[in-house]
Amino acid sequence: MAIEIATPATPTLKWEYASSRESADIATIEDRYGLFIDGKFVSPKSNKYFPTINPATEEPLAEVAEAGEADVDDAVAAARRAYTDVWEPMEGAERAKYVFRIARMIQERSRELAVLETLDGGKPIKEARDVDLPLVAGHFFYYAGWADKLEYAFPGVRPRPLGVAGQVIPWNFPLLMLAWKVAPALAAGNTVVLKPAETTPLTALIVAQIAAEAGLPPGVLNVVTGAGGTGAAVVGHPDVDKVAFTGSTAVGKLIATQLAGSHKKLTLELGGKAAHVIFEDAPLDQAIEGVINGIFFNQGHVCCAGSRLLVQENIHDRFVDKLKRRLSTLRVGDPMDKNTDVGAINSRAQLDKITELVDSGLDEGAEMFQPDCVLPERGFFFKPTLFTNVAQSHRIAQEEIFGPVLSILSFRTPEEAVEKANNTPYGLSAGVWTSKGSRILWMADRLKAGVVWANTYNKFDPTSPFGGYKESGFGREGGRHGLLAYMEWDET
Amino acid sequence: MTLAPARTSILPDRITTPTLRSFLRSVPSVDEVGANERVAALSTRSIKRESKRAALDLITQMIDLTTLEGKDTPGKVAQMSAKAIRPDPLDPSVPSVAAVCVYPNMVKYAVAATEGSSVKVASVATYFPSGLVETDLKVEEVSRVVRLGADEVDMVIDRGAFLGGEYFKVFDEIRRVKDACGDAHLKVILETGELVTLDNVRQASLLAMAAGADFIKTSTGKVQPAATLPVTLVMLEAIRDFMDATGVMVGMKPAGGIRTAKDAIRYLVVLNETLGEAWMTPDWFRFGASTLLNDVLMQIRWLQTGRYSSPDYFTKD
């Protein structure tokens with residue numbers, strides 16, 4: 001093959017984008033935060049505090065109270081009083097006003113909240129700004145609208161709230177997971193004791209401030225910070241009527257065991273190992289973007305991340321070449337830079353876990369590709385990583401890595417794609433790329449996953465339910481379905 | 001005439017409308033929602049300070065300064081050419097633009113006005129902008145503008161033939177025009193505003209490149225919409241696929257509707273993150289524009305002084 005050699009007369013520009021940092025001063029961080037119980041910030045009876053750090057610099061941001069059992073007891077008692085005396089008897093239309101007010105205040109302070117989310121959690125500022133915050137406000141707005149229409153949500157029955165909800169949320173989307181749980185609970189008439197994740201407590205504390213400023217009656221929303229012990233105290237408290245947990249499948253199983261036989265209602269949103277299926281007739285360049293977004297969005301700290309790529313064998317090599325080239329254009333580094341695509345890993349512990357699983361992939365004979373990018377010297381970072389020659393039996397094809405690591409397998413027929421996609425204990429999400437509409441429906445019928453995205457990935461909307469099959473949990477968040485998790489009813 | 005072997009390598013052995021049709025059907029489809037999302041994401045890139053200055057200088061050097069009006073005169077072309085050579089009389093550090101782009105009857109004036117400078121003369125041809133005449137006449141016109149001294153020829157494809165499935169007609173016409181160009185560079189205008197779908201844009205891009213285009217170009221500027229970011233992205237992706245398949249590098253020219261430096265920087269970001277550094281030169285990327293230049297000059301002045309100058313400080317030619 002003859003090659004025409006390009007000999008440019010004018011030099012090319014190696015264009016480096018100058019750093020464009022969002023200002024950290026937009027968020028005011030106090031030195032020390034108490035617990036938000038009964039409408040005000042109080043010192044913990046435990047007298048214990050723990051530091052929360054910026055994972056991109058490893059520098060401490062603030063000290064946060066660690067709630068002990070006595071503190072959780074106070075929070076649940078406050079929530080119970082608020083439920084009985086104020087929130088449950090209140091007209092839905094009145095409750096809606098408070099939730100709408102919170103939604104608006106979140107929207108008004110969204111720049112500050114985005115900065116804080118990035119500082120405390122490590123996600124790129126452009127994601128916090130363009131994805132997390134609009135969705136957070138959107139969930140509050142959406143559920144505020146349901147508060148006075150609950151009997152229309154479920155026609156023919158008389159719905160009522162459950163009581164006090166104990167909610168434990170993860171560190172990957174601190175504010176969004178708060179919104180997914182708090183907004184429907186409040187709109188339906190429940191009161192809440194919320195336990196944010198140990199590594200990302202700050203934005204929940206700002207929402208507590210917002211709730212106070214919005215005049216939300218004391219005790220309706222309580223925020224108790226802490227680690228696993230605090231979460232266990234919330235989940236195990238005898239006066240909690242409903243437990244909602246998002247996190248690992250291992251902890252979810254413990255909670256399910258602990259709650260078995262109790263009166264408490266439970267919803268769990270757990271891990272995933274989603275299959276992302278690419279057929280030969282897919283729009284390839286958009287599929288590449290979908291795959292990149294599917295696994296590198298939020299550094300892969302996404303329970304529905306498309307972490308197992310299934311590519312039809314006859315396009316495998318071409319697709320992987322395109323993917324590698326695209327990987328090399330990802331901008332990894334300072335999460336506060338507006339041009340950063342992949343930010344910091346949330347914690348040292350998570351970085352160690354990712355490293356351990358990647359090492360296992362190498363040991364088991366998979367082939368690794370990482371782009372030639374320079375990581376910051378301080379902070380927790382991991383290069384975007386691909387594995388090819390992966391077998392279903394490898395740990396990197398089975399276990400949830402929860403990091404920027406993609407395992408690539410191939411398939412020959414649609415049947416084989418379905419079989420491999422479903423061959424996992426998880427069942428949270430899946431993606432299908434093909435130009436053939438009938439094949440999308442055929443696949444969606446057969447994939448055992450709570451969400452199936454077609455020719456797109458990682459799309460969320462307040463009106464759309466989200467949740468898992470199998471060991472990815474049960475119950476749905478978002479949409480009308482999301483109300484079900486916080487209501488029961490009498491037949492009329 | 002025969003095609004260079006590198007270009008035939010992605011084509012069927014016998015080039016006919018049916019074989020070209022199967023070739024085009026093998027081009028990957030485009031998901032419009034996904035393409036729009038990609039350019040929206042790239043449009044949030046924040047380009048500041050020294051990276052902005054570097055972009056503005058490069059954009060200036062990439063401009064085909066254009067006048068394509070019925071009222072064009074030798075005087076207008078001469079004045080525009082002076083501006084092309086020295087865009088900012090107050091600031092000699094601002095480089096010349098790439099080319100002036102004119103109608104065939106203005107080529108000789110443009111050649112005279114740019115003599116001795118680095119600015120090239122591009123002529124639209126093939127009975128621009130509609131191109132609704134027989135191929136022989138188009139070829140004759142191309143030969144004439146090349147004889148007059150045009151360094152570059154901007155032709156427009158037969159959109160009706162493409163949409164009607166007469167792929168050989170489109171292909172053969174480009175091939176014959178390329179032949180008539182001799183050493184002049186051929187830019188093939190797809191007129192994407194009339195092709196409408198991104199699938200059509202991608203297929204027409206491949207067809208034009210296989211037939212011999214040195215550059216592919218979005219629009220004549222006479223049809224709305226002219227250049228858009230999603231169309232440009234899809235054409236750049238087609239260029240990448242063509243390079244992978246044949247080893248032949250093809251250039252890109254979005255034209256029409258790009259009026260601000262901010263817009264132009266977005267195109268540059270899409271170029272930089274799709275094809276990369278090798279294409280970041282006027283040899284492989286051009287902007288077809290008439291009013292863009294003054295906004296770029298204004299932004300350069302702003303970066304130098306921290307103040308916006310009045311538009312009266314920039315020449316209108």
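Confidence in this predicted model averages a pLDDT of 96 over chain A, and 98% of the residues score at least 70. One stretch stands apart from that picture: across residues 1–8 of chain A, pLDDT stays under 50. For this stretch, the model has 15 contacts beyond four places in sequence.

Turning to the sheets, one of them is open and built from 7 strands of chain A, with mixed pairing. Reading across, the order goes β14-β15-β16-β13-β12-β17-β18. The edges are taken by β14 (367–369) and β18 (451–454) of chain A, each of which pairs on one side only. On average, and ignoring direction, neighbouring strands in this sheet are turned by 20° against each other. Within the pair, A:F369 sits opposite A:L386 of β15(A).

Another open sheet in chain A has 3 strands, ordered β1-β5-β4, and here the pairing is mixed. Both β1 (32–33) and β4 (49–54) of chain A are edge strands with a single partner strand each, so one side of each has no neighbour in the sheet. Strand β5 (residues 59–65) of chain A runs parallel to β1(A), and 2 bridges join them. Across this pairing, A:R32 faces A:E63, which belongs to β5(A). As a general point, strands of a sheet pair through backbone hydrogen bonds, and the pairing can be parallel or antiparallel.

Conventions:
Residues are numbered from 1 along each chain as its sequence is written. Chains are lettered from A and ligands numbered from 1 in the order in which they are written. This is a predicted model: local features need pLDDT of at least 70, side-chain atom pairs count only at pLDDT 80 or more; totals for chains, interfaces and linings use all residues. pLDDT is the predictor's confidence in each residue, from 0 to 100. Two residues are in contact if their C-beta atoms, placed from the backbone, lie within 7 Å. Two strands pair if DSSP finds at least two bridges between them. Helices (H or I, at least four residues) and strands (E, at least two) are DSSP runs, numbered from the N terminus. Axes are lines fitted to C-alpha atoms, for helices over the stretch in contact, and angles run from 0 to 180 degrees between N-to-C directions.
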